[in-house]
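Reader: I am new to reading protein structures, and I would like to go through this one slowly. Could we take it in questions and answers?

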Amino acid sequence: MRCALNGSGARRTDGHGYVRAGLATVAGLVSVAWLVACGDATGPVAQAKIEQLPRALTESERTLVGAGEGFALDFLREVVRNEEPARNVFVSPLSASMALGMALAAAEGDTYEAMRGALRLGDLSRDEIGTSWASLMALLTTLDPHVRVEIGNSVWLRTGFVPESAYVAGVRRDFDARIATLDFDDPAAADTINAWVADATEGLIDGIVEPPIDPLMMAFLINAIYFQGDWTVPFDPADTRPGDFRREDGTTVQAPFMVLPDSEFPFARTPGYVAVELPYGGEAFAMTVVVPTGDTKLAEFVAGLDPDAWEALTADLVPVEVMVRLPKFRLEYDTELKDALRALGMGPAFDPGLADFSRLHRDALLMGLHISEVKQKAFVEVDEKGTRAAAVTAVGVRAVSMPPVLSADRPFLFAIRERLSGTLLFTGLVFDPTLK
């Protein structure tokens with residue numbers, strides 16, 4: 001994938017279904033699968049601080065962003081609830097919600113209502129949801145020329161499976177999706193789709209479709225989010241030193257700790273946690289690092305996070321001189337998300353007797369189209385220069401003292417977000433920075 005921001009900074013598509021902008025990596029990728037039965041910068045970023053959005057958000061956009069925040073926290077909480085204790089977690093709720101948004105566009109009746117409710121979209125109409133997704137994509141991909149954000153959507157159809165024309169027009173309009181037809185019985189079909197995936201994530205995720213493709217698979221809907229940000233204030237590699245990271249079982253492990261001495265960042269200290277915000281580029285995008293204090297376990301802290309708690313946390317961040325100690329880490333994550341999404345209220349979409357995706361295909365009810373699996377793979381790497389990451393979600397549908405100090409030397413939460421709109425792109429939990 002290549003950086004391709006035009007001179008005006010306007011959103012553009014490169015012909016492969018990517019909306020591109022900026023420099024270069026955090027990536028999110030989402031695949032929705034339908035089945036039926038019958039260039040790098042170095043050093044400090046020379047960029048004026050971005051103080052406000054280029055335009056005010058519409059009411060529908062504000063609702064969509066708020067819904068995304070609520071879904072992101074619900075999503076993370078359920079993933080952690082279903083995960084093994086103390087396993088590192090990294091997910092892209094934005095990517096998941098966008099791919100599920102393309103699936104929502106195919107849903108009708110109770111399936112539509114259940115999915116809209118699980119995505120926390122309230123009473124937004126189809127048109128409002130679609131228009132808001134399109135404008136949010138344009139906003140995120142052009143906001144900061146020193147941070148690379150790319151969003152790609154594609155729909156891959158089995159030869160002979162003809163979708164409703166209104167659905168195709170809708171996902172092209174609202175998600176700028178590439179539409180392609182493939183012979184899924186050809187062994188090369190999976191390679192074709194996976195090549196798009198690899199290109200969309202700069203090779204960090206090498207594919208999502210495993211050959212041979214299930215003969216009941218009718219379509220894949222894939223969303224990719226790619227982000228790379230260099231820290232506004234980079235860490236000096238010369239200051240990186242080994243240190244003890246205290247795991248929740250009381251043991252310690254040696255990890256390389258990056259240090260920023262006495263720099264001004266948004267910071268908060270409460271009886272329950274210490275938090276800092278580390279900006280990228282022109283400071284529209286940032287990583288928020290939250291370290292629970294006392295006897296609070298990280299999973300317990302996440303269980304108590306809701307939109308009100310998150311907004312209170314971010315509102316408490318005020319610029320102060322602070323020393324930051326953050327371990328370098330590289331995580332790879334792979335999990336099944338269907339149970340988490342079912343717990344959020346998306347149950348009818350997974351039930352072959354209830355699911356209604358007739359906006360995708362007129363015979364969907366007869367075919368028994370339903371979501372059969374939701375998988376996500378993810379990768380994130382944080383070092384002195386900045387952050388790069390990738391996430392892939394596959395959804396299958398089938399029938400039947402000194403200055404204040406933040407030392408992340410114990411399990412911590414991190415989130416990569418766009419500060420001005422509040423959009424949460426990625427969230428993660430680090431229980432052991434030495435484990436991949």
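Reader: Are Trp 133 and Phe 175 buried or exposed?

Author: The model is a predicted one, and the answer is computed from it. A residue counts as buried when its relative accessible area is under 20%. Trp 133 falls in that class, and Phe 175 does too, so by this cut-off the word for both is buried.

Reader: What kind of aromatic pair do Trp 133 and Phe 175 form?

Author: The centres of the two rings, Trp 133 and Phe 175, are 6.3 Å apart, and the angle between their planes is 40°. Planes under 30 degrees apart would count as stacked and those over 60 as edge-to-face, while the rest are called tilted. The pair of Trp 133 and Phe 175 is therefore tilted.

Reader: How many residues apart in sequence are the parts that this pair ties together?

Author: Trp 133 belongs to helix H4, which covers residues 126-142, whereas Phe 175 belongs to helix H5, which covers residues 165-175.

Reader: Why do the buried residues of H5 lie on the same side of the helix?

Author: The buried residues of H5 are Tyr 167, Val 168, Gly 170, Val 171, Asp 174 and Phe 175. Around the axis of H5 they cover only a limited arc, and this is why they are on the same side of the helix. The arc is 160°.

Reader: Which exposed residues does the face of H5 turned away from its buried side carry, and what covers the buried residues?

Author: The cover over the buried residues of H5 includes H2 and H4, together with the strands E5 (147-158), E6 (178-182) and E7 (217-230). On the face turned away from the buried side, the exposed residues are Ser 165, Ala 166 and Arg 173.

Reader: How many of the residues of helix H2 are buried?

Author: Helix H2 runs over residues 93-104, and from its first C-alpha to its last it reaches 15 Å, close to the expected 16 Å. Its buried residues include Pro 93 at one end of the list and Leu 104 at the other, with Met 98 and Gly 101 also among them. H2 is mostly covered, and the count of buried residues is twelve of its twelve.

Reader: Why does the pair of Phe 90 and Phe 414 count as stacked?

Author: A search of the whole structure gives 14 aromatic pairs. In the pair of Phe 90 and Phe 414, the ring centres are 5.8 Å apart, and both residues are buried. The pair is stacked because the angle between the two planes is 10°.

Reader: Why does Arg 77 count as buried?

Author: Arg 77 is placed in helix H1, and its contacts include Val 302, Ala 303 and Leu 305. Buried means under 20% relative accessible area, and Arg 77 counts as buried because its relative accessibility is 17%.

Methods: Residues are numbered from 1 along each chain as its sequence is written. This is a predicted model: local features need pLDDT of at least 70, side-chain atom pairs count only at pLDDT 80 or more; totals for chains, interfaces and linings use all residues. Side-chain values use heavy atoms; hydrogens and water are left out. Helices (H or I, at least four residues) and strands (E, at least two) are DSSP runs, numbered from the N terminus. The expected span of a helix is 1.5 Å times one less than its number of residues. Buried means under 20% relative accessible area, exposed over 50%, partly exposed in between (1.4 Å probe, protein chains only). Rings of Phe, Tyr and Trp (its six-membered ring) pair if their centres lie within 6.5 Å; planes under 30 degrees apart count as stacked, over 60 as edge-to-face and the rest as tilted. The arc is that of the directions from the helix axis to the C-beta atoms. Contact means heavy atoms within 4.5 Å. Lists of a residue's contacts leave out its neighbours within four places in sequence.
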